[in-house]
Amino acid sequence: MTIMDMQDSSLLEQQIKELIIPAGKVANVQLGNSLEHALLVLTRSGYSAVPVLDLHDRIHGLISTNMIFNSMLGLQGLEYEKLDGRKVEDIMYEKVPRMKENDSFQRALELSINNPFLCIENEEGVFVGILTRRSILALVYRHFRNV
Ligand code: 4BW
């Protein structure tokens, strides 16, 4: 194994803990919230997708502006009334990628290929924050610049 290989494996085995954006700083919506409320949260935060949590801070999925606009599509284009009475859980995407705080960077890197952010939960299944593609790429960049 070369020094380069050893440095690369030290990157992949690194823990993700210090890269996590803590839950308190993550825009989110809750189960039971209306789609109108979710659209407000997304618009105000500027993010295109945010996690869906329950009252006990457990992750149930994610919701995006695109998903909400799709649910408003009708014969007349966007039909705002289609939001009436509909909740976040009616259209959210449930297969959101999850990781544990102690998982390795390798798994985060792999999952971030297809996911702009990953939800992190602790051993009790409570949401502790997200890992963004931005922070993952920044770490890879710093690593190779230093090599
Ligand atoms: O409001 C923003 N502030 C900053 N600093 N960067 C932003 C902002 N909005 C978008 N960006 C940039 C980031 O580089 O555009 C990228 C794509 O945003 P997105 O997906 O489509 O809204 C951002 O890339 P990222 O930091 O790697 O974040 C990836 C995705 O993670 C975002 C969003 O869905 C989610 N996200 C990031 N920070 C979040 C968040 N969701 C909720 N709360 C946060 N604090």
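The strands β1, β9, β8 and β7 form, in the order β1-β9-β8-β7, an open sheet of four strands with mixed pairing. Its edges are β1 (21-22) and β7 (98-100), each with a single partner strand, so one side of each has no neighbour in the sheet. Strands are DSSP runs of E with at least two residues, helices are runs of H or I with at least four residues, and both are numbered from the N terminus. Two strands count as paired if DSSP finds at least two bridges between them. β1 and β9 (residues 127-132) pair in the antiparallel sense over two bridges, and Ile21 stands opposite Ile130 in β9.

A further open sheet consists of three strands in the order β2-β3-β4, again with mixed pairing. Here β2 and β4 are the edge strands, each pairing on one side only. β3 and β4 are joined in the antiparallel sense over five bridges, with Leu53 opposite Ile59 in β4.

## Basis of the model

The structure is a predicted model, in which local features need pLDDT of at least 70 and side-chain atom pairs count only at pLDDT 80 or more, while totals for chains, interfaces and linings use all residues. Residues are numbered from 1 along each chain as its sequence is written, and side-chain values use heavy atoms, with hydrogens and water left out.

A salt bridge is a side-chain nitrogen of Lys or Arg within 4 Å of a carboxyl oxygen of Asp or Glu. By this rule the count is three salt bridges. Arg98 and Glu121 meet in one of them, at 3.2 Å from N to O. Arg98 belongs to strand β7 and Glu121 to strand β8, so this pair ties together parts that are 23 residues apart in sequence.

Relative accessible area (1.4 Å probe, protein chains only) defines buried as under 20%, exposed as over 50% and partly exposed as in between. Glu121 is buried, at 10%, whereas Arg98 is partly exposed at 30% and Lys100 is partly exposed at 25%. Arg107 forms a salt bridge with Asp103, with the closest N and O atoms 3.8 Å apart.

In α2 (residues 35-45), Leu35, Ala38, Leu39, Val41 and Leu42 are buried. They cover an arc of only 160° around the axis, taken from the directions from the helix axis to the C-beta atoms, which puts them on the same side of α2. Thr43 and Arg44 are exposed on the other side.

The buried residues of α2 pack against β2 (29-30), β3 (49-53), β4 (59-64), α3 (65-72) and α4 (88-91), where contact means heavy atoms within 4.5 Å. Just after the helix, Gly46 takes a positive phi of about 85°.

Asn122 lies in the loop between β8 (117-121) and β9 and counts as buried at 16% relative accessibility. Not counting residues up to four places away in sequence, Asn122 touches Lys100, Glu101 and Val128.

Pro116 is placed in the loop between α5 (105-111) and β8 and counts as exposed at 52% relative accessibility. With the exclusion of residues up to four places away in sequence, Pro116 touches Leu131, Thr132 and Arg133.
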